[in-house]
Amino acid sequence: MSRKKVTFDINQAIKDALQAGCLSDDYFIPRRITSTWNIYLSERNRAKTTTWLIVGLAAYVRYNTVTHILRSRETMIAESKICGMYDVLLKNDYISKLTCGKWNSIVYLRTKRAWFLCNRDKKTCEISEQDQNMCAKMMSVDKSDKYKSGYVCTNADFVIYDEFQNLTRRKDDNILLLNLIYTLFRDRAGCIVVMLSN
């Protein structure tokens with residue numbers, strides 16, 4: 001069985017984020033990606049997650065790639081834990097820069113566990129327009145079996161496994177992770193996994 005090649009190019013998305021002025025030498029700029037699996041370890045506050053969220057949005061703008069953000073446990077993707085995930089992008093107006101002014105904000109819909117680009121009124125903060133398609137999806141590795149039986153996303157070409165080293169990890173987590181990655185990537189070649197930890 002031949003594997004279907006995806007059109008997504010992570011290195012072009014990194015270039016797009018750089019050209020938009022959204023990646024900074026103050027933290028780190030990813031080098032050229034040539035592997036499917038990529039691990040980034042550093043001390044805290046090096047903007048690893050923020051950097052890859054920026055690249056994920058650049059990939060969405062260019063390729064309609066939906067970034068899937070994984071954490072080990074469902075409690076780790078509760079709204080209270082992830083509601084500020086895009087705050088740095090909002091504070092620095094990166095969403096407007098990455099989308100060439102089409103969108104100026106992002107909203108999390110708890111019922112879908114997904115992020116959607118939107119436009120907000122600068123005075124009232126009310127949403128005036130919202131993208132119909134999600135740009136990022138939150139998932140937990142421990143629910144891998146649940147996703148296997150009912151989740152399909154043909155644009156799930158980029159996965160961020162955030163905080164992959166943590167005290168809640170169990171011995172079967174690697175098997176659950178591989179099953180979840182297969183559910184997301186199916187038989188598409190060219191998909192990318194970025195694993196982040198302190």
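Me: Taking a salt bridge as a side-chain nitrogen of Lys or Arg within 4 Å of a carboxyl oxygen of Asp or Glu, what does the count come to?
Reply: The count comes to nine salt bridges. This is a predicted model, where local features need pLDDT of at least 70 and side-chain atom pairs count only at pLDDT 80 or more, while totals for chains, interfaces and linings use all residues. Residues are numbered from 1 along each chain as its sequence is written, and side-chain values use heavy atoms, with hydrogens and water left out.

Me: Which residue does glutamate 79 meet in a salt bridge?
Reply: Arginine 110, at 3.3 Å from N to O. Glutamate 79 lies in helix H3 and arginine 110 in the loop between E4 and E5, so the pair ties together parts 31 residues apart in sequence. Helices (H or I, at least four residues) and strands (E, at least two) are DSSP runs, numbered from the N terminus.

Me: Is arginine 110 buried or exposed?
Reply: Arginine 110 counts as exposed, at 57% relative accessibility, and glutamate 79 as partly exposed, at 35%. Buried means under 20% relative accessible area, exposed over 50%, and partly exposed in between (1.4 Å probe, protein chains only).

Me: What does arginine 73 pair with?
Reply: Its side chain meets that of aspartate 173 in a salt bridge of 2.9 Å, N to O. Arginine 73 sits in the loop between E3 and helix H3 (79-82) and aspartate 173 in helix H7, so this pair ties together parts 100 residues apart in sequence. Arginine 73 and aspartate 173 are both buried.

Me: And arginine 71, which glutamate does it meet?
Reply: Glutamate 163, at 3.5 Å, N to O. Arginine 71 is in strand E3 (residues 67-71) and glutamate 163 in the loop between strand E8 (158-161) and H7, so parts 92 residues apart in sequence are tied together. Arginine 71 counts as buried at 7% relative accessibility, whereas glutamate 163 is partly exposed at 34%.

Me: Moving to H7, how many residues has it?
Reply: H7 has 13 residues. From first C-alpha to last it reaches 18 Å, close to the expected 18 Å, the expected span being 1.5 Å times one less than the number of residues. Its buried residues include Leu176, Leu180 and Ile181.

Me: What does isoleucine 181 touch?
Reply: Leaving out residues up to four places away in sequence, isoleucine 181 touches Trp37, Leu70, Val159, Arg186 and Val193, where contact means heavy atoms within 4.5 Å. Its C-alpha is 8.5 Å from that of valine 193, twelve residues along the chain.

Me: What follows H7?
Reply: Arginine 186, with a positive phi near 50°. Most residues other than glycine have a negative phi.

Me: Where is cysteine 125, the one with a phi near 65°?
Reply: Cysteine 125 is in the hairpin of E5 and E6, which has six residues between the strands. E5 and E6 pair in the antiparallel sense over three bridges; strands pair if DSSP finds at least two bridges between them.

Me: How many disulfides are found?
Reply: Zero in the whole structure, a disulfide being a pair of cysteine sulfur atoms within 2.5 Å. The sulfur of cysteine 118 is 9.3 Å from the closest cysteine sulfur, in cysteine 135, which is too far for a bond.

Me: Is cysteine 118 buried or exposed?
Reply: Buried, at 0% relative accessibility. Cysteine 135 is buried as well, with a relative accessible area of 2%. The bridge partner of cysteine 118 in E6 is glutamine 130.
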